[in-house]
Amino acid sequence: MKNKNSSFSSFRQPQFGWLFASNTSFFFAMSAQSVLRAWLAFKITNSEFALGLVMFAVAVPMFCLGPIGGVVADRMDRRNLIILGQSIVFLGEAIIVVLILLDRLEFWHLLCSAGVIGCVLPFIMPARNAIIVNIVGKSGLGNALAMNMAGMNTTRVLGPAIAGFMIGAAGVAITYIVGVILYGLGILCMTRIVSAP
């Protein structure tokens, strides 16, 4: 019985539960939106190169800003940094939804959205990892990191798959709206965490 409890011991900390919920919502939405963005890029341009370019627009700023993001995460309030980053992503994706609904979406909009995400992730990813020790302490760090990684890996598998099914069943607009709602839920959950520098 002890072993079963210890496997989920991090969740005895309510703050970790909110962090886990925030991470799960955010990365589920992000994984799903990556499929949607690529699919929309191909649909708009009918070009495989455009699909790759959208992915490239995420990767380049992540590569360039990675070292800076770690330094910023060490010097700023991590909770607030995560909330700010998630809010920027939420706003960018909400604009894409509006453009889809108005039938005004163009390829360059997708490039800009991808670039924004690529610029934000290098800042919030280190903060998300570092804030875990503030919440659970060093003694619970191993279990918390394992639970957090398990949740993130699950979203990376399920997010794109579910997004693909939803595109066919409900359409791009509804699928994108669900993603934006999940981003908003991630922000809401993060606001429940006590500030942890």
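This note comments on the nonpolar cores, the aromatic pairs and a surface patch of the structure above.

1. Basis of the comments. The model is predicted, with local features requiring pLDDT of at least 70 and side-chain atom pairs pLDDT 80 or more, while totals for chains, interfaces and linings use all residues. Numbering starts from 1 along each chain as its sequence is written, and side-chain values use heavy atoms, without hydrogens or water.

2. Largest nonpolar core. A nonpolar core is a set of buried Ala, Val, Leu, Ile, Met, Phe, Trp, Tyr and Cys residues joined through side-chain atoms within 4.5 Å; buried means under 20% relative accessible area, exposed over 50%, and partly exposed in between (1.4 Å probe, protein chains only). The largest such core has 19 residues, of which Leu 40, Ile 100, Leu 105, Leu 110, Val 172 and Tyr 176 touch the most other members. At least two residues of this core come from each of H2, H3 (48-75), H4 (78-101), H5 (107-136) and H7 (172-191); helices are DSSP runs (H or I, at least four residues) numbered from the N terminus.

3. Contacts of Leu 110. Leaving aside residues up to four places away in sequence, Leu 110 touches Arg 37, Leu 40, Ala 41, Ile 44, Val 54, Ile 96 and Leu 105 (contact: heavy atoms within 4.5 Å).

4. Aromatic pairs. Rings of Phe, Tyr and Trp (its six-membered ring) pair if their centres lie within 6.5 Å; planes under 30 degrees apart are stacked, over 60 edge-to-face, and the rest tilted. The count by this rule is 5 aromatic pairs. Phe 11 and Phe 20 are edge-to-face, at 5.1 Å centre to centre and 80° between the planes. Phe 16 and Phe 20 are tilted, at 6.3 Å and 40°; these two residues are about one helical turn apart because they lie 4 residues apart in helix H2.

5. Burial within the cluster. Phe 11, Phe 16 and Phe 20 form one aromatic cluster. Phe 16 is buried, with a relative accessible area of 0%, whereas Phe 11 is partly exposed at 33% and Phe 20 is partly exposed at 22%.

6. Phe 42. Phe 42 lies in helix H2 (residues 14-45) and counts as partly exposed because its relative accessibility is 30%.
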